[in-house]
Amino acid sequence: MIAPMVVGGLLAGIVAVLSLTELPSWLNWCPPWLAVLLVAGLGGSATEGLQRWAEHQRAVADSERAAVDLLRGYFGRHKKFPRFGERRTGALALHVHPAISLPPVPEGIGAAHRPTLLSRTHQAGKGVLDPDLPAFVPREKQEEVEAWMRDARIDGGFLILVGDSCVGKTRLLYEAARQHLADFAVLAPVLGDGGLVDVVAQATFPLPNLVVWLDELQRFLPGPYLTAGSTAITAATIRRLLDAPAPVVIVGTLWPEHALHLRASATDAPTGEALPRNSDAADILTHPRVHEIRLGSFSEAERAAAARLAAHDPRLAAALKDHHYNVTEALAGVREIIRRYGRATDAQLAILHAAADARRVGIQAPLTETLLVDAARGYLTNIESSDDWFRPAMDELTSHKRQQDRATAPLVPVASPDMRKALGYTVTDYLLQQLTRERRSQPIPALTWQAFTGCTHSDGDLQRLAESAYRRLLYEYAERTYRIIVGRTTEFTSDNIVDAWDIAFAARQLAALLIAQGRAVEAVDVIEAVHTRKYCFSPQVVIWLAELLTEEGRTDEAIDFLRGQTKELKRLLRKRDNIGTGNFHVMAYQMDELLDHLLAEHGREDELRARYESGIRTAAPELGRLLARAGQLDDAISVLLDGVKTGAWTAEQRLAEILAEHGRIEQLRDRANAGDEHAADQLVHLLIARGHTDEATEVLRHHANAYHGRAKQLVRLLVAQGRTNEAIEVLEDRIADGDWYDAERLVELLVNQGHIDETIDVLRPHADAGERHMPSLLAQVLAAQDRLDEAIEILRTHADAGNWDAKTRLAELLAAHGRTDALHTLADAGEEYAAARLSQLLAGQGRIDEAVAILRSSATAGGWSVDQPLADLLANNGLPDGSIDYLRTRSDAGDFHAARGLVSLLAKHGCVDKLSLEVVAGTPTAATRLIDLLVEQGDTARAWQIRRYGLNVDGSPRTSTHSGG
C-alpha cells in the first residue's frame with residue numbers, strides 16, 4: 001500500500017517540477033537533451049504542462065545545437081576558444097596593422113650587431129625583433145586602459161577606443177589585453193559576423209571568461225556601416241554578455257566620424273524631440289557599462305619613449321625621423337601610401353577617387369570591378385574608347401609584393417568569409433579617411449552617379465545612395481535609385497520581410513519626391529504598384545500618402561485612395577497568406593481611423609454613419625464627435641458607448657471629454673469607478689472646479705499610478721489640505737517605482753511648499769546608495785536652501801565615482817552660481833561638461849574668444865559633449881572668417897555638429913556659394929537653408945525651381961524632371 005503511494009507521489013512531484021518553464025536551481029544539472037529523454041520516458045504520464053515544458057527544452061536544445069554548429073566553424077580543428085597569442089589570435093589576426101619592413105642592414109655590419117629576427121610563430125623578447133610589429137611604445141592612455149581591464153577581468157565591461165586611422169588603437173588594446181587578460185578565451189568574429197556573437201550570447205551553456213574582440217566596431221553595429229550579408233550585434237546581446245555569470249570583456253575600435261554618425265540624432269517633426277538616427281546602435285553605445293577612451297597621435301612624451309626604444313628597433317628610428325607623419329602613421333607605411341597616391345596616373349586616380357566617393361555616398365559593400373571601371377570613367381581626363389586602361393591601373397593599385405609596397409597598397413581586396421576569393425575592393429583605411437575628408441564637398445560627376453545607381457545591388461546601399469542624392473538636391477539620381485529599389489523583382493516571403501519593408505519605404509520617399517514635382521498621379525501609381533506585391537504591403541506608407549494628398553488640398557483623392565487600400569488590406573488579412581510579420585490588424589485600424597477622421601473633418605456624415613452601421617469600429621469616435629457638435633448629445637453618448645464596447649481606441653477619451661464638457665458628473669463617476677482612466681481625469685478636473693477637493697484627492701489616489709501627471713496633482717492637493725506626510729509617501733512610492741520624471745517634479749513641488757527637511761530625508765538614503773538621479777536631485781534641493789558647498793560635495797563624490805548625471809549637474813550648479821574657478825579646474829582636468837558650461841558662462845559675459853578657446857581645447861582633447869556647443873557658439877557669434885574655416889575643418893573631419901553649425905553660419909551671413917558647397921557635401925539641412933536663403937535674397941524664381949526640380953551635378957538648377965547635367 002505504501003509503495004504505490006510513494007511511487008505516485010514521486011511521479012506527481014516529477015510531473016509538477018517538469019511543468020515549470022524553467023527548472024529550479026537544484027535541477028540545473030539536467031541538460032535539455034536529458035530533459036527531453038526524461039519526458040519521453042514518462043510517456044503516458046506526461047501532462048499538458050509537461051509537454052509544454054518538453055517543447056521549451058527541445059527549443060533550447062535546438063538553440064544550443066545551432067550555437068555549437070556556429071562555434072564549430074569558428075573553432076575549426078582546434079575545438080575550443082583560443083587564447084591571446086595563439087595563431088588565430090595573434091596581433092595580425094586581430095587586425096593590428098603590420099609595420100613597415102625592417103631596413104636592410106648596411107654592408108660591413110658584423111653578425112653580432114645585426115638585429116635578431118623573430119619567427120612569426122614566437123613572441124618577441126628582449127633584443128629580438130618581430131618582423132610584423134615594431135617594439136611597443138607605452139602610450140599615455142595605457143594606464144587608463146589597463147586599469148579598466150584590471151577591473152573588467154572581475155566584472156566584465158565594454159571598452160571602445162576612438163581615434164583616427166593609424167594612431168595605434170588596435171595595438172594598444174592588443175598589448176593591454178595580452179598583459180591583463182591572457183588567461184581569457186577570445187572570440188574574434190570576422191568583420192560583420194555579429195550573428196556569431198548573438199548566438200554565443202543566447203546559448204544556455206556556460207561561457208568561459210571571455211574577450212569579444214570587435215575591431216572596426218561600426219561593421220558589427222546596426223546602421224550605415226553594416227554591409228550586405230552581415231548581421232548586426234543586438235543591444236540584447238550586449239546586455240546578456242555583460243550580465244553573464246563569468247566576466248565577458250568586449251573591446252572595440254571606432255573612427256571619430258563613425259562614432260559621431262552612429263550617435264547622430266534627428267529632430268522628429270511632430271514632437272520636436274531629438275531622436276537617434278540609428279537607435280539600435282545608439283542603445284549599444286550608450287549602455288551604462290560602455291567606457292570610451294579617445295586616442296590621438298603620439299605626444300611629445302610618447303615620442304621620447306619611442307626614441308629610447310629606437311636603438312633596438314630601426315623601424316622606430318626611421319619613423320621618428322619622418323617629420324611629416326606621426327610615429328604610428330610612419331610605422332604603418334603612410335608615407336609610402338601617400339607617395340603611391342601622389343604618383344598615381346590619371347587612370348589610377350580615377351579609380352581611387354571613384355572608390356572613395358562610393359564610400360562617401362553610402363555604398364558600404366565591397367566595390368566590384370564592374371562598379372569601379374564604370375564609376376572611374378567620370379574622373380578620366382583622357383578619352384578611352386575601351387576598358388584596356390583599367391587592368392594595369394588596378395594591378396598597380398593593389399600591388400603589395402615589392403619590398404617598398406609592404407602593407408601600403410592604396411586599394412585592398414575584401415576577402416570572402418572562406419578566404420577563397422575577393423568579393424571586391426576598398427581603399428586602405430588611412431587613405432580612405434584622408435580622401436573622404438578632402439573630397440567632402442567635391443562634386444561627383446554624372447557618369448559616376450550613373451555607375452553608382454546602376455552597379456549597386458544591396459538594398460541598404462541603395463537606400464543610402466538615394467538619400468545621399470536627395471540631400472544633394474540631385475533628384476534625378478534619387479528618383480532613379482528609388483525606382484530601382486521599388487522595382488526589385490525579389491519573390492518575398494515571411495523570411496525576407498525586412499527587404500519588403502525597405503521597398504515600401506523607398507516607395508514612400510519616391511512618392512514624396514514625385515508629389516513635390518506635381519506628379520501626384522505617378523506617386524499614387526507607385527504606392528499601388530508596390531501594394532499589389534506579395535509581402536510588400538505597407539499601411540504606414542498608405543497613411544502617409546493620404547496625409548500628403550490632404551495637405552496638398554486633394555482630400556477627395558486621399559479618401560478614395562484610403563478607401564481602396566483599406567479594402568485591399570482587409571482582403572489580404574482574410575486570406576492570411578499574403579501578409580508578413582507585424583501587427584497588420586493594428587495598421588488596418590489606423591487606416592480606418594484616418595479615413596473616418598477625414599470624412600468627419602469634411603462633413604461627410606452620411607458616409608461616416610454608413611461605416612458605423614456596417615460595424616467599422618473607428619467610425620464611432622468620429623461620428624460621436626460630429627453628433628455632439630450638432631447638439632445631439634444623447635445620440636453622441638450612445639454611439640460612443642457602443643464604440644467603447646466594440647474596442648474603438650479613442651472612444652473612451654472622446655466620451656469622457658463630451659461628458660465633462662456637458663457636466664455629466666455622475667456618468668463620469670460611474671465610468672471612473674469602472675476603471676476608465678480618461679473619465680477619471682475629467683472627473684478630477686470637474687470636482688476641483690466645483691470645490692470638491694476631498695473627493696478629487698481620493699479619485700487621484702486610486703488612479704495615481706496609471707499616469708505620472710496624476711501623482712503631481714495628487715501631491716498638490718494633499719499639501720493644500722495639510723496632509724504632508726501622505727504627500728511624502730506618494731514621493732517615496734514614485735522613487736521606489738524608479739519614476740525619475742515624477743520624483744523630480746514632486747520634489748520641486750514639495751520644496752516650493754516649504755517641506756524641505758522631509759524631502760531631504762527621503763532623498764538622502766537613495767543618494768547615498770548611488771541611485772542614478774538621486775544625488776543630483778538631493779543636491780538641487782540643498783543648493784536651493786543655500787547649502788551650496790554640501791550640494792557640490794555630494795555631486796563631486798558621485799561624479800568621481802562615474803555618475804554622468806552627477807557630472808552634468810555639478811557643471812550646471814557651478815555655472816549657475818558663477819564658480820568659474822571650479823569650472824576651470826574641472827575643464828582643465830578634461831571634464832567636457834564643465835568646459836561646455838564654462839564656455840556658456842563666458843559667452844553670456846561677452847567673452848566669446850575665451851569661450852571658443854575653451855571649447856576648442858576640449859574638442860581637440862576628444863570631448864564629445866562640446867562639439868554641439870562649440871558649433872552653436874561659432875554659428876551664433878562667429879565672424880565669417882576664422883569661424884568658417886574652423887567649422888569647415890571640423891566638418892571635413894566628420895564632425896556633423898560642426899557641419900550643422902557651418903550651415904547656420906553661412907546662411908546667417910548670406911554666403912550662397914559656400915552654402916552650395918555644403919549641399920554638394922550632402923550636409924543635412926544645407927539644401928533647405930540654401931533655398932530659404934535664396935528666397936530671403938529675393939531670388940524666388942531660382943529657389944522655386946530648385947525646390948521643385950533640384951540641381952544638376954554641376955550645381956545649376958534643373959529646368960524640369962528631364963533635364964540633365
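In the predicted model, Asp313 forms a salt bridge with Arg315, with 3.1 Å between the closest N and O atoms; a salt bridge is taken as a side-chain nitrogen of Lys or Arg within 4 Å of a carboxyl oxygen of Asp or Glu. Asp313 has a relative accessibility of 0% and therefore counts as buried, and Arg315, at 0%, is buried as well. Buried denotes under 20% relative accessible area, exposed over 50%, and partly exposed in between, computed with a 1.4 Å probe on protein chains only.

The model is predicted: local features need pLDDT of at least 70 and side-chain atom pairs count only at pLDDT 80 or more, whereas totals for chains, interfaces and linings use all residues. Residues are numbered from 1 along each chain as its sequence is written, and side-chain values use heavy atoms, with hydrogens and water left out.

The structure holds 48 salt bridges. Side chains of opposite charge can pair when their charged atoms come close. One of the salt bridges links Asp357 and Arg360, at 3.0 Å from N to O. Both residues lie in helix H14 (residues 346-360), 3 residues apart, which is about one turn of the helix. Helices are DSSP runs of H or I with at least four residues, numbered from the N terminus. Asp357 and Arg360 are both buried.

A further salt bridge joins Glu850 to Arg847, the closest N and O atoms lying 2.9 Å apart. Glu850 counts as partly exposed because its relative accessibility is 37%; Arg847, with a relative accessible area of 34%, is also partly exposed. Elsewhere, salt bridges that share partners connect Asp556, Asp560, Arg563, Arg604 and Glu607 into one network.

Helix packing was examined for H45 (residues 896-908) and H46 (residues 912-920), which pack at an angle of about 150° with their axes 8 Å apart. Axes are lines fitted to C-alpha atoms, for helices over the stretch in contact, and angles run from 0 to 180 degrees between N-to-C directions. H45 and H46 are therefore roughly antiparallel to each other, a term applied to angles over 145 degrees. Their crossing is left-handed, meaning that the near helix is turned anticlockwise from the far one by less than a right angle. On the H45 side, the contact (heavy atoms within 4.5 Å) is made by Leu902, Val903, Leu906 and Ala907, and on the H46 side by Lys914, Leu915 and Glu918. The residues of this contact comprise 5 nonpolar, no polar and 2 charged. In this division, Ala, Val, Leu, Ile, Met, Phe, Trp, Tyr, Cys and Pro count as nonpolar, Asp, Glu, Lys and Arg as charged, and the others, Gly among them, as polar.

Terms used
Helices (H or I, at least four residues) and strands (E, at least two) are DSSP runs, numbered from the N terminus. Angles under 35 degrees count as roughly parallel, over 145 as roughly antiparallel, 65 to 115 as roughly perpendicular and the rest as oblique.
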